[in-house]
Amino acid sequence: MPRTLLVVEDEKPLLKVLRYNLEKEGYRVVCAEDGEAGLAAFRREKPDLVLLDVMLPKLDGFEFCKAVRRDSRAPILMLTARKAEVDRVLGLELGADDYVTKPFSVRELLARVKAILRRTSEGRSAAPVRAGGLEVDLERYEVRVRGKEAALSAKEFELLRCLLKADGRALTREQILEQVWGYDESMDIDTRTVDQHVARLRDKLGPEAERLVTVKNVGYRLKAD
Ligand code: CA
């Protein structure tokens, strides 16, 4: 079964390029040219991933994200045109999984798409994982802190998942960028992005926050016991 991708983008030439390249990779591609049509297509097609432009007619990318997140955890990759939009994507808890800034290379975009789809399929058959008072259900994207559910953004969840998988070992910021953001060296992502997400994750882990340890000059690790 090919994976279905929904592309919501009002620039027709870009939409065409995206469709062509994604179909070439074997994905089934559904397109929409404004936010409302995109939302209707989302509900109808239940895509495995959404590629979402920010500035859209009728309903913009931020509103789209919020509407989708009310009842779905489907991954969303934002296509942003301006630095200010990137700040909003990162700063607000919109629930977007990742972003690329325009103009982006097709190669970079395909790498991100692959990384996101790989992560979401990895989680599908796993049993809940525990670390002390933390319980992480990889299938349902649920995290419990001492029995109480914590509302993590998609990125915070992936960050926690990658630290759990390291089984107590420290990961460098670069390793985390690679695993959580699908980073490769050609991409321009600041390692401070990792620190910002770690800070937010610690906040949400409340009484278990101390498990997430800063390892000086290296990165981070998660204490398992
Ligand atoms: Ca646009």
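I looked up glutamate 158 and found it buried, at 3% relative accessibility (buried is under 20% relative accessible area, exposed over 50%, partly exposed in between, with a 1.4 Å probe and protein chains only). This is a predicted model, in which local features need pLDDT of at least 70, side-chain atom pairs count only at pLDDT 80 or more, and totals for chains, interfaces and linings use all residues. Residues are numbered from 1 along each chain as its sequence is written, and side-chain values use heavy atoms, without hydrogens and water.

I placed glutamate 158 in helix α6, residues 154-165 (helices are DSSP runs of H or I, at least four residues, numbered from the N terminus). Setting aside neighbours within four places in sequence, I list Arg119, Tyr141 and Val180 as its contacts (heavy atoms within 4.5 Å).

Next I checked the domains. I have domain 1 at 4-120 and domain 2 at 127-222, with bounds from an automatic or database domain assignment. Their centres, over C-alpha atoms, are 24 Å apart. I note 14 residues of domain 1 in contact with 19 residues of domain 2.

I then looked for salt bridges across the interface of domain 1 and domain 2, and the rule finds zero (a side-chain nitrogen of Lys or Arg within 4 Å of a carboxyl oxygen of Asp or Glu). On the side of domain 1 that touches domain 2, helix α5 (residues 106-122) gives the most, with seven residues. I sorted the residues of that side into four nonpolar, two polar and eight charged (Ala, Val, Leu, Ile, Met, Phe, Trp, Tyr, Cys and Pro are nonpolar; Asp, Glu, Lys and Arg charged; the others, Gly among them, polar).

Terms used
Helix = DSSP H or I, 4+ residues; strand = E, 2+ residues; numbered from the N terminus.
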